[in-house]
Amino acid sequence: MKQIASQPFWLPESDAGTYPALDGDLETDIAVIGGGIVGLTTACLLLAKGRKVTVFEARRIGRQATGRSTAKVTSQHGVRYRRLIDSIGKTSARRYASANERAIGRIRKLCETFALECGLEALPAYVFAQTGEEAEVLADEAEAAAELGLPAAFVTDLELPFPVAGAVRFLDQAQLDPWRYLAGLAAVVADDGDLFEETRVHAIEHGERCRLEAGGHEITAEQVVIATQMPVTGEGLYYAKNFPLAHPLAAAPLPDGLRLEGMYLGCGTPTRSFRTAERDGRRFLVAAGGEFKPGDAAEQAACVDDLLRFLDAAFGIATPTHLWINEDFRPMDDLPFIGPVASAKPNLQVAIGFDAWGITQGTVAAEIIADRILGRENEDAEVFDASRVRPIAGGRELISENLKAGARLARDRLLGFKAGTLDDIADGQGGIIEHAGEQLAVVKADGRIATAVSAVCTHRGCIVSWNGVDRTWDCPCHGSRFEADGRVLYGPAVEPLAPRAIEPVAAGAEA
């Protein structure tokens, strides 16, 4: 794998915060946990109705999944609509489709209302085929999508720098800069409500007024919206109903003479997804590669290499300027979980399982959650019911993925994880070693140990794996991610990897 500095294209190089951390106890009407697209959009919708809203972001605004995405604003979610018709029926599939179409309009309205300078650009979205067999599937998908009222058609005149056999085209879609969009929404929230960065909520106690704990401070709220990628509460067992997936992304200036007049996604394997973006007077290509299981270092390396080969072969881009990894969760039945965690807890709501389509699906979630809090009817809410169980639609995958996670846990904890040695860890990289009978996650720098933490994920006990692109520790069982020093990036884990004291050792020495 080529060594390229890891930095998401959208994010500023400085990690400086804009908003303060919580420094005392707090009472609010609505506590929103998470400063991504769900949390900030929900807050904006509620603030517009005069509600008192406080947003808590564990890190910095816009630096989690939303700010690391391709940021396509589209109801075109791959080859999905024929499958939805078959699994949940045409009526529910139509609601899924119309909800995501309305989300496009909501994003446009927010950009107009608040004059958000986020590069919002109207473009069609395409899913393309490279074989005749794939083209037949897409022709059927275009028919299914059109039946649901979507602006879909099958076309064959797609201009790309490589051969295609046809495509589904969705008109009236859009793209934007996700970090600038979230930064704009955050400014609106901070003006009309309260917004805290570097404030991680660790615990939630449900009640008529919920009690939250963050950094030793107590927060009370009538309503709680858990807008983190995986809920910080174990209620609902969402980590067992949604399965983590990851893919590499890269960006580079688009070579002279090339133009792309849309957003593109290949229907084959491995995945090919790309769009363009304007920066400093130049057009950049932003592309995503094949899907892999977080925490599988070999799969990640293969997907990164494949993406780099594709960029070179298709666009003549030998070395991208940016390379990073993004992660999301796939729900068991193609539909996000949105709303109360249980009928008995209507004031504790979640949104999870966007399957890499979080820009529109996150906006759908915000509208459903805001309507519930405001006491308004939302016809789409039932389709995305967060407390649902659909064993027929998602049972086979549910059982398969949980068996895999269970087998990994058994291997790591009962049979023993095969650890390496300090000599196996390259300088500037991380790896798992055994020290004093314990598995440790160690990062080396300048030939010595830079950090050492427990390698046991604090969620369910699997052994984490080093992500050499993002320099994180990733859990292969349920998708938790940790910084190199063990701090939680996102869950389901809520506690950091415990630090371990090891005397610094020179390279080549044994721990």
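A: In this predicted model, Asn-326 lies in strand β15, which spans residues 322-331. The relative accessible area of Asn-326 is 5%, so the residue counts as buried, the cut-off being under 20%. Its side chain reaches the backbone oxygen of Arg-68 at a distance of 3.4 Å.

Helix α2 (residues 81-88) and helix α3 (residues 90-113) have axes that come within 7 Å and cross at roughly 140 degrees. Because of this angle, α2 is oblique to α3. The crossing of α2 past α3 is right-handed. On the α2 side, Tyr-81, Leu-84, Ile-85 and Ile-88 make the contact, while α3 contributes Lys-90, Ser-92, Ala-93, Tyr-96 and Ala-97. Sorted by class, this contact of α2 with α3 comprises 7 nonpolar, 1 polar and 1 charged residues.

Helix α3 also packs against helix α7 (residues 358-374), at an angle of about 90 degrees and with the axes 8 Å apart. The two helices, α3 and α7, are therefore roughly perpendicular. From α3, the contact involves Tyr-96, Ala-99, Asn-100, Ala-103, Ile-104, Arg-106 and Ile-107; from α7, it involves Ile-359, Thr-360, Gln-361, Thr-363, Val-364 and Glu-367. The residues of the contact between α3 and α7 comprise 7 nonpolar, 4 polar and 2 charged. Tyr-96 of α3 takes part in the contact with α2 and also in the contact with α7.

Technical notes:
Residues numbered from 1 in each chain as written. Predicted model: local features only at pLDDT ≥ 70, side-chain atom pairs only at ≥ 80, totals over all residues. Heavy atoms only, no water. Helix = DSSP H or I, 4+ residues; strand = E, 2+ residues; numbered from the N terminus. Buried < 20%, exposed > 50% of the residue type's maximum accessible area, 1.4 Å probe, protein only. Polar contact = N/O pair within 3.5 Å; in protein donor to acceptor, adjacent residues only side chain to side chain. Axes fitted to C-alpha atoms, helices over the stretch in contact; angles between N-to-C directions. Parallel < 35°, antiparallel > 145°, perpendicular 65-115°, else oblique. Left-handed = near helix turned anticlockwise from the far one by under 90°. Contact = heavy atoms within 4.5 Å. Nonpolar A, V, L, I, M, F, W, Y, C, P; charged D, E, K, R; others polar.
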